[in-house]
Amino acid sequence: MGYLKQHPDKDGYFGEFGGAFLPPQLESQFADINRAYLTLGRSADFLNELRYIRKHYQGRPTPVYYAHNLSREAGAHIYLKREDLNHTGAHKLNHCMAEALLAKHMGKTKLIAETGAGQHGVALATAAAYFGMACEIHMGEIDIAKESPNVTRMKLLGAEVVPVSFGGRSLKEAVDSAFESYLGQADTALFAIGSVVGPHPFPLMVRDFQSVIGTEAREQFIEMVGELPDQVGACVGGGSNAMGLFSAFLDDEGVGLNGIEPLGRGTALGEHSATMTFGKPGMIHGFKCLLLSDDDGNPAPVHSIASGLDYPGVGPEHSFLKTEGKVSYHAISDDETLAAFYKLSRLEGIIPALESAHAVAWAIKHGQANPGQTILINLSGRGDKDIDYVTETFGFEAKA
Ligand SMILES: *Cc1c(COP(=O)(O)O)cnc(C)c1O
């Protein structure tokens, strides 16, 4: 039996990680979502409608592109899975359209979510518009200031954006705030989690909805190159784009899987968001995972130049894959990320999201150390949302 069929178990555990630790008033709601996903969500009608949406609305399949100039410079063969070309400019629409479709099948009329960089909020607001549903998005004030084009987009799409002004005013607090609001309206709304995190069944469901990335990319890569890649890599915030890509390769013995996480400004707690490198088992937002925590076990403050990656927890499946040694995790700094952001823009005419630039930076580094290898990277999103922040803060070129 293949890996995907064996994990998670029926209670949503990947080894010791995962599960569903819910307030009593939400237990039956999550049981409903689980039941709906395992029946409706895997029915032929559901999958046919999803296939139609992906092809005619999202513009899938997205291409795999051989980054010829970047490859020449790195001394290895770097291929990019172009999720930046997915409608709304990132991979998140893959699971948002599916979550909204599930909500529709369940008779819900509203979608609620948190957002970090704003990409999940935009994707969910897009899905809500497509299905004619109401949409409420919670977002930290720091992220609102940094990612204002996405705030404008969400409002244009008809979503209500709720600013979150407590604590670190970022992704973690946005999740708390969205959860709180959902508690009061769980009968009519679906809480559409933005990554492979949260209580069961979300890590399973979001992985399955994102697996289209890996399924397409594996086939496209074999068609282009004639064999499997030596290495596969993706950035890890919560871990959805990475799980989507990895899912197709987990039974391929010879393929190295690599998750790339943010080292931010350095190794001190609070300066990075490198959960896999520095985290310990803990609990956040209703599930067990590796966690960056303070001395009391509470989630620690985190930093990354990429808003979509600054979360103190990580998906339970990544926590499991790391402890099992099936995936290698690497931490890439803000500076290395910026250098890759400029480099991909100049060399290939592709401006990557700062999140995705972490994976590109790792590919360059790995390629330089392992000349001639083939490396398939998920370019999870486009960088339009980041250009004002980057150029106003750092200018138009990498520092020497
Ligand atoms: C949100 C986001 C990420 C991080 O989320 P994952 O769940 O780890 O994939 C990465 N890249 C982009 C472009 C994003 O918008």
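Guide: Rolling a probe the size of a water molecule over the atoms shows where empty space is left. On a 1 Å grid over the protein atoms alone, a cavity is a set of points where a 1.4 Å probe fits but cannot get out, and lining residues have an atom within 4 Å of a point; grid points are joined across faces, edges and corners, and a volume is the space filled by probe spheres set on the points. The largest cavity here has a volume of about 430 Å³, and among its 36 lining residues, Lys92, Gly194, Ser195, Gly238 and Gly308 are the closest to its centre. The model is predicted, so local features need pLDDT of at least 70 and side-chain atom pairs pLDDT 80 or more, while totals for chains, interfaces and linings use all residues. Residues are numbered from 1 along each chain as its sequence is written, and side-chain values use heavy atoms, with hydrogens and water left out.

Visitor: How should I read the aromatic pairs?

Guide: Rings of Phe, Tyr and Trp (its six-membered ring) pair if their centres lie within 6.5 Å, with planes under 30 degrees apart counted as stacked, over 60 as edge-to-face and the rest as tilted. A search of the whole structure finds eleven aromatic pairs. In one of these, the ring centres of tyrosine 130 and phenylalanine 131 are 4.8 Å apart and their planes stand at 70 degrees, so the pair is edge-to-face. Phenylalanine 179 and phenylalanine 191 also form an edge-to-face pair, at 5.2 Å centre to centre and 85 degrees between the planes.

Visitor: Is phenylalanine 191 buried or exposed?

Guide: Buried means under 20% relative accessible area, exposed over 50%, and partly exposed in between (1.4 Å probe, protein chains only). Phenylalanine 191 is buried, with a relative accessible area of 1%, and phenylalanine 179 is buried at 16%, whereas tyrosine 130 counts as partly exposed at 34%.

Definitions and conventions
On a 1 Å grid over the protein atoms alone, a cavity is a set of points where a 1.4 Å probe fits but cannot get out, and a pocket is an open set with protein on both sides within 12 Å along at least five of seven lines; lining residues have an atom within 4 Å of a point.
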